[in-house]
Amino acid sequence: MAAFATTILICLLSMICFTGCSSDEEGQSPLPTPKVVKPIAKPAPQGPGPPATQDKGKGGIEARLSLIMETGGAEKKKPAPAAAQEEGEALEQGGFHTVRKGESLASIAGLQETYSDPLKWPVVFRLNLDKLGDLSPGEDFPERPLPEGLRLRIVTAEEANKQVRNRTGHEWVINVLSTTHKHEIALATVALAKKGYPIYITQGQVKGKKWMRLRVGFFESKGEADALGKKIQDLMNLGDPWITKASQEELREFGGF
């Protein structure tokens with residue numbers, strides 16, 4: 001009897017434990033699914049951008065030509081063997097001039113054996129940009145002494161006459177600038193020469209004043225001259241260039257270069 005009572009007690013205790021465990025398990029709610037929190041990507045700090053172009057607000061032809069001067073240098077090239085031979089032949093024919101002590105572009109252009117006119121210094125400069133293109137421009141540019149011993153290309157009289165004949169009928173020119181100030185002509189001439197334009201300078205008197213005219217030529221038609229004149233206007237910002245017909249005397253004087 002005692003054994004039976006013990007058995008029943010053990011059974012009761014077992015049922016109580018099973019029920020308690022089941023109640024605890026049922027009362028637990030499932031754990032919530034963890035949320036994945038993505039970090040907010042912050043934009044990388046940006047450095048300062050390129051400086052804005054500033055208008056220096058300077059007036060005068062010097063300011064308007066400053067950028068052209070900085071970017072208009074001529075590219076230096078080593079002469080090829082054929083070119084060197086051609087140079088030697090031209091030297092024998094008088095196609096070169098060796099700079100003597102104290103000589104300048106203007107004094108060389110004024111020599112009887114070259115062009116007999118100091119105002120033709122742009123011809124000397126334009127033909128020798130590979131050697132003279134790095135010279136700093138200024139009011140005294142045409143009269144500034146050149147390095148002694150420098151050999152410069154010169155257009156011979158025969159070459160000039162042939163070029164004039166080839167330009168028969170090419171009488172239209174672009175008048176880029178008219179001024180009484182030597183330094184304005186010098187700056188504009190150097191700027192255009194470095195850009196490869198066939199420039200020349202004429203001179204005349206108006207109401208007792210000497211005026212210098214910077215011109216680009218020569219062209220077969222007015223339309224051709226007008227189109228190039230607009231490009232020069234955009235480049236130089238010196239006002240509207242005007243297109244005109246050069247006289248036969250002017251063509252003979254400057255058309256050979």
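These are my notebook entries on what I looked up in this predicted model.

**Ground rules**

I number residues from 1 along each chain as its sequence is written, and my side-chain values use heavy atoms, with hydrogens and water left out. Since the model is predicted, I need pLDDT of at least 70 for local features and 80 or more for side-chain atom pairs, while totals for chains, interfaces and linings use all residues.

**Entry 1: the overall layout**

I started with the secondary structure and got 10 helices and 6 strands. Helices (H or I, at least four residues) and strands (E, at least two) are DSSP runs, numbered from the N terminus.

Next I looked up burial. Buried means under 20% relative accessible area, exposed means over 50%, and partly exposed is in between (1.4 Å probe, protein chains only). Of the 257 residues, 36% count as buried.

Then I checked contacts, meaning heavy atoms within 4.5 Å. Taking contacts with a separation of 6 or more, 71% are between residues 24 or more positions apart.

**Entry 2: aromatic rings**

How many aromatic pairs does a search of the whole structure find? I got 5. Rings of Phe, Tyr and Trp (its six-membered ring) pair if their centres lie within 6.5 Å; planes under 30 degrees apart are stacked, over 60 edge-to-face, and the rest tilted.

One of the pairs is Tyr-115 with Phe-257, which is edge-to-face, with 4.9 Å centre to centre and 65° between the planes. I find Tyr-115 in the loop between helix H4 (105-109) and helix H5 (121-127), and Phe-257 in the segment after helix H10 (248-254), so this pair ties together parts that are 142 residues apart in sequence. Tyr-115 is buried at 6% relative accessible area, and Phe-257 counts as buried too, at 15%.

I also looked at Tyr-200 and Phe-254. Their planes are at 20° and their ring centres 4.8 Å apart, so I log this pair as stacked. Tyr-200 belongs to strand S4 (residues 199-206) and Phe-254 to helix H10, so to speak a link between distant parts of the chain, 54 residues apart. Both Tyr-200 and Phe-254 are buried.

**Entry 3: charges over rings**

A charge sits over a ring if NZ of Lys or CZ of Arg is within 6 Å of the ring centre and within 35 degrees of the ring normal. Phe-254 turns up again here, with Lys-120 over its face at 5.4 Å from the ring centre. I also noted Arg-153, whose charged end sits over the ring of Phe-96, 5.9 Å from the centre.

**Entry 4: the cavity**

On a 1 Å grid over the protein atoms alone, a cavity is a set of points where a 1.4 Å probe fits but cannot get out, and lining residues have an atom within 4 Å of a point. Grid points are joined across faces, edges and corners, and the volume is the space filled by probe spheres set on the points.

I found 1 cavity of 30 Å³ or more, and the largest cavity has a volume of about 40 Å³. Which residues line the largest cavity? Among them are Val-123, Arg-126, Arg-167, Tyr-200, Phe-218, Phe-254 and Phe-257. H5, S4 and strand S5 (209-219) each supply at least two lining residues.

By class, the lining has 7 nonpolar, 1 polar and 2 charged residues. Here Ala, Val, Leu, Ile, Met, Phe, Trp, Tyr, Cys and Pro count as nonpolar, Asp, Glu, Lys and Arg as charged, and the others, Gly among them, as polar.

**Entry 5: Val-155**

Is Val-155 buried or exposed? I have it as buried, with a relative accessible area of 11%. Val-155 sits in the loop between strand S2 (151-153) and helix H7 (157-166). Leaving out residues up to four places away in sequence, Val-155 touches Tyr-115, Leu-127, Ala-160, Gly-256 and Phe-257.

I noted a cis peptide bond between Gly-217 and Phe-218, with omega about 15°; Phe-218 is in strand S5.

Lys-207 is not a glycine, yet its phi is positive, about 55°. I place Lys-207 in the loop between S4 and S5, where it is exposed at 85% relative accessible area. Asn-237 also has a positive phi, near 55°, and lies in the loop between helix H9 (222-236) and strand S6 (242-245).

Notes. 1 Å grid on protein atoms, 1.4 Å probe; cavity = no way out; pocket = protein on both sides within 12 Å on 5 of 7 lines; lining within 4 Å.
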